[in-house]
Amino acid sequence: MEHQFDLVVVSPYYDHGLCYLRRDLCWTFDDIIHFNQRQRAKRENYTQTEKNRLYSIIRQIIPVYVETYEHFKQKFEKKMAIDNIERD
């Protein structure tokens, strides 16, 4: 999969990913404008124990997805570090 995709955008970095696509594909800002629809309200009050429990359940159910996500998230974060971009 690594050789098939030059860029994989993961959800925490969606906006940054659009900026990379704009730059790499010579798009305009009009090409990357988007609107969030049906976005769930963020629940900020999960305890760390709840987060760990949910993550553990997800990891047991779909480990390949979790490994793939973590791999491309780390790769994207390295790309941002090289370009000296900080996450919001």
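Glu70 forms a salt bridge with Arg59, their closest N and O atoms lying 3.8 Å apart; a salt bridge here is a side-chain nitrogen of Lys or Arg within 4 Å of a carboxyl oxygen of Asp or Glu. Because Glu70 lies in helix 4 and Arg59 in helix 3, the pair ties together parts that are 11 residues apart in sequence. Helices (H or I, at least four residues) are DSSP runs, numbered from the N terminus. Arg59 also forms a salt bridge with Glu67, where the closest N and O atoms are 2.7 Å apart.

Glu70 is partly exposed, with a relative accessible area of 24%. Arg59 is likewise partly exposed, at 31%, and Glu67 counts as partly exposed at 42%. In these terms, buried means under 20% relative accessible area, exposed over 50%, and partly exposed in between (1.4 Å probe, protein chains only).

## Basis of the description

The model is predicted: local features need pLDDT of at least 70, side-chain atom pairs count only at pLDDT 80 or more, and totals for chains, interfaces and linings use all residues. Residues are numbered from 1 along each chain as its sequence is written, and side-chain values use heavy atoms, with hydrogens and water left out.

The structure holds 4 salt bridges. One of them joins Arg23 to Asp83, with the closest N and O atoms 3.6 Å apart. This pair links distant parts of the chain, since Arg23 belongs to helix 1 (residues 14–24) and Asp83 to the segment after helix 4, 60 residues apart. A network of salt bridges links Arg23, Asp24 and Asp83.

Arg23 counts as partly exposed at 44% relative accessibility, and Asp83 is partly exposed with a relative accessible area of 32%. Side chains of opposite charge can pair when their charged atoms come close.

## Nonpolar core

Which residues make up the largest nonpolar core? Val10, Tyr13, Tyr20, Phe72, Phe76 and Met80 do, 6 residues in all. Helix 4 supplies the largest share of this core, 3 residues. A nonpolar core is a set of buried Ala, Val, Leu, Ile, Met, Phe, Trp, Tyr and Cys residues joined through side-chain atoms within 4.5 Å. In soluble globular proteins, nonpolar side chains tend to be buried together.

Leaving aside neighbours within four places in sequence, Tyr20 is in contact (heavy atoms within 4.5 Å) with Leu7, Phe76, Lys79, Met80, Asp83 and Ile85.

## Nonpolar surface patch

Tyr46, Leu54, Ile57, Ile58, Ile61, Ile62 and Tyr65 make a nonpolar surface patch of about 640 Å². Such patches are made of residues with over 30% relative accessible area and no salt bridge, nonpolar side chains (Val, Leu, Ile, Met, Phe, Trp, Tyr) being joined within 5 Å and like charges within 9 Å. Accessible areas come from the Shrake-Rupley method with a 1.4 Å probe; for residues, only the protein chains shown count as cover.

Helix 3 (residues 48–61) gives the most to the patch, with 4 residues. Tyr65 is placed in helix 4 (residues 63–82) and is exposed, with a relative accessible area of 52%.

## Cysteines

A search of the whole structure finds 0 disulfides (pairs of cysteine sulfur atoms within 2.5 Å). For Cys19, the nearest cysteine sulfur is that of Cys26, 14 Å away. Cys19 is partly exposed, with a relative accessible area of 44%, whereas Cys26 is exposed, at 68%.

Definitions and conventions:
Helix = DSSP H or I, 4+ residues; strand = E, 2+ residues; numbered from the N terminus.
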